[in-house]
Amino acid sequence: LRLYFTNKVYYALERQSGVAKAEILNEDVNYNEQTKEVDNPDQRIAEDIRSFTEFSLSFFLTLVTSVIDLVAFSYILFSIMPELFIAIFLFATFGTMLTIC
């Protein structure tokens with residue numbers, strides 16, 4: 001049973017001094033509040049999922065906003081001056097093809 005509990009990290013309540021100590025199997029475990037290091041694998045997974053979700057949501061919202069802006073401004077430009085819209089579209093397509101190839 002002692003081997004099972006060695007090298008395990010447990011949650012502990014913080015004291016007013018800012019440092020929490022827990023005694024597990026006659027060993028002191030120190031929690032450093034300043035570093036905010038995550039030692040528990042479950043906490044690491046939760047932090048990774050939170051970070052991935054925030055990044056994915058930010059990327060998706062940026063992509064959707066850009067597409068909506070492109071469609072809206074293209075429609076406005078096409079309704080004002082179709083020849084200019086076609087010229088800009090062809091110029092952008094030509095420039096993209098030169099960049100890719």
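**Stop one: an arginine and its partners**

Select Arg50 to begin: with 41% relative accessibility, it counts as partly exposed (buried is under 20% relative accessible area, exposed over 50%, partly exposed in between, with a 1.4 Å probe and protein chains only). Before you go on, note that this is a predicted model, where local features need pLDDT of at least 70 and side-chain atom pairs count only at pLDDT 80 or more, while totals for chains, interfaces and linings use all residues. Residues are numbered from 1 along each chain as its sequence is written, and side-chain values use heavy atoms, leaving out hydrogens and water.

Next, pick Glu54, partly exposed at 47%. Arg50 forms a salt bridge with Glu54 as well, at 2.8 Å from N to O. Shared partners join Glu47, Arg50 and Glu54 into one network.

**Stop two: where two helices meet**

Select H2 (residues 41-80) and H3 (residues 82-100), which pack at about 130° with axes 5 Å apart. Helices here are DSSP runs of H or I, at least four residues, numbered from the N terminus. To see the contact (heavy atoms within 4.5 Å), show Ser74, Leu77, Phe78 and Ile80 in H2 against Pro82, Leu84, Phe85 and Ile88 in H3.

Notes. Axes are lines fitted to C-alpha atoms, for helices over the stretch in contact, and angles run from 0 to 180 degrees between N-to-C directions. A salt bridge is a side-chain nitrogen of Lys or Arg within 4 Å of a carboxyl oxygen of Asp or Glu.
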